Amino acid sequence: MTRFPLFQSPALDAAELAMRPTADFRHGYLGNDPRKLVEILQADLARVKALGLTHEDLAGRLARITVEATSTGMGNAVVVDGAWEVSVTAARGVLPCPFGHPGVFPKTEVRARNLKTGKEIIWTDLSVHMIHAHGFYQGQGSPYRLDPGELAVFLGLAPG
Amino acid sequence: MIEILVGLAAMSGLTAVLAALLEAADFWFLDYGEVVVSINEGEKEITAKGGGKLLDLLADNGIFIPSACGGRGSCGLCKVRVLSGGGMVLPTETPYLSPEEAKDNTRLSCQVKARNDLAIRIPSEYFNIKRFKARVESLANLTETNREVRMKLLDPTEMNFKPGQYVQLLVPPYKGSPESVSRAYSIASGPEDKSSVSLVITRVPQGLATTWVHDILAEGDEIELSGPYGKFHLRDTDAEMIMVATGSGLAPILSILLQMALAKSHRKATLYFGTKTTGDLFYTDQLKELEGRLPGFRFVPVLSNVPEGETWDGETGMVTDPIKRKLEKEGGEGKEAYLCGNPFMINAAVKMFMEYGISEDKIFYDKFG
Ligand SMILES: Cc1cc2nc3c(=O)[nH]c(=O)nc-3n(C[C@H](O)[C@H](O)[C@H](O)COP(=O)(O)OP(=O)(O)OC[C@H]3O[C@@H](n4cnc5c(N)ncnc54)[C@H](O)[C@@H]3O)c2cc1C
Ligand code: FES
Ligand SMILES: [Zn+2]
């Protein structure tokens, strides 16, 4: 519904409220980013387009690494494609997407280290869904913010 | 262009506010009068103010339907059969209903509005679920990430649970978590003392409930919980049991073992407890003591990472590795499997058990766990 938003719709208002019930909300989502949700979505979309990529390209690669690491590692660190060392931890239970449509996501946390650069990033199943379905990479200061430019380099989808 | 966008943005903000107002007005100003909810063909009848969600109406009257999303229509757990008076199935419900459920009038109780009399059907065990006030008796850090919370039940003073079941802990608002949230935790204590309940809670990054438990909760605090919930419990057979746990998944398995010890069971049972290092093992003394009390029971810790320089002569690798070797030799026929822990382990273990001939109806774990 909101991958290419033109304006802050009522649905985005509701999502923004769910994401920022207070400034210090532990789940982050918008972090301390002062921008409206629509502005964050538009700015990140522009960056993804400038790289010649789509939200699907980035989310697809994250999803594939997650699946590889969970099926072979069962929670232990594994090397995926010779490029990333990945460990996935998962709590039992599920959580809803703050964009408020049907569906829940497992409480996983994926930690991946790029073996070439040493850079480490963290994402969750919900992060992948939000990039894929909503083009949402989260606000500045969110513990799960993934900068699209840095992410593309990390995933080998753009030159470093 | 900018003016149009600003205009649209202002309008959309207004629409959102209006939608919220309409929802509130529907509940407060539209008077649906009293409605009667008849449960399980009149086994229980509730008369209450109409207009709100069926899930909330039932909870306000002491009937707790499982929920993992607080009634937002996104977990699909709050199913009940609505035989009459529920109105049309909403589009928000259909993704969660199988064709059979749609046919037998299963609905999400958080999406059904109680605007007129209703006849519903719920599993009879839901009548046993109660809301409790409890006091934290003790807190103990079992490992770096696992904390044991022992609670004394104050009101009501006893919980009738089956070992293996879980409770929902109500976490009050605190800095960084502005709304109360409720989360499921398996009971770790045995059935011999119904007036206390122990939980083992693993810290989760950015977790709303687990941060509260690990950083804020203190001994002596009064808290609220509801329960017991769940279908994970000991089956009354003589079948050999293979038990598999990782992390705090040990909690319900320990409770089941304590139940077996109380019953002086001679059943053959092996528990494989998978952790990364020796530092992640807990309740080891208790499990070794249970080996003494239960003649058929064996405890097998399995470490996935033995740090260099550390000596460990037990099993290593994935928790499923030694089980695979056992099943290779003996086959799975006639055995039962009890699993609790991280979802990857559950998926891998279920697949393995089925490959070795343990049928799906003999593999027990909390779905949605
Ligand atoms: C039947 C059952 C029994 C259970 N028993 C136990 C038990 O005995 N012991 C136990 O420890 N647990 C148990 N659990 C799990 C427990 O219910 C909770 O799910 C768990 O403790 C985490 O709760 P939390 O509130 O701390 O985390 P939450 O706040 O609900 O979730 C935190 C997670 O959400 C994700 N997340 C948060 N913010 C973002 C963001 N901005 N972007 C992307 N992802 C994000 C991350 O994965 C993060 O780690 C059980 C669950 C079930 C269903
Ligand atoms: S309570 Fe989660 S869908 Fe109804
Ligand atoms: Zn979504």
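Predicted model: local features only at pLDDT ≥ 70, side-chain atom pairs only at ≥ 80, totals over all residues.
1. Side chains of opposite charge can pair when their charged atoms come close. Over all chains, the structure holds 31 salt bridges, and the points below look at some of them.

2. In chain A, A:Arg47 and A:Asp147 form a salt bridge whose closest N and O atoms are 2.5 Å apart. A:Arg47 belongs to helix α2 (residues 37–50), while A:Asp147 sits in the loop between α4 (125–134) and α5 (148–154), so the pair ties together parts of chain A that are 100 residues apart in sequence. A:Arg47 counts as partly exposed, at 35% relative accessibility, whereas A:Asp147 is buried, with a relative accessible area of 17%.

3. In chain B, a salt bridge joins B:Arg267 to B:Glu336, with 2.7 Å between the closest N and O atoms. Because B:Arg267 lies in the loop between α5 (250–262) and β13 (269–275) and B:Glu336 in strand β16 (residues 335–340), this pair ties together parts of chain B that are 69 residues apart in sequence. Both B:Arg267 and B:Glu336 are buried.

4. Another salt bridge in chain B is formed by B:Asp361 and B:Lys362, where the closest N and O atoms are 3.8 Å apart; this value can be read against the cut-off, which is within 4 Å. B:Asp361 counts as exposed, at 52% relative accessibility, and B:Lys362 counts as partly exposed, at 33%.

Methods:
Residues numbered from 1 in each chain as written. Chains lettered and ligands numbered in written order. Heavy atoms only, no water. Salt bridge = Lys/Arg side-chain N within 4 Å of Asp/Glu carboxyl O. Helix = DSSP H or I, 4+ residues; strand = E, 2+ residues; numbered from the N terminus. Buried < 20%, exposed > 50% of the residue type's maximum accessible area, 1.4 Å probe, protein only.
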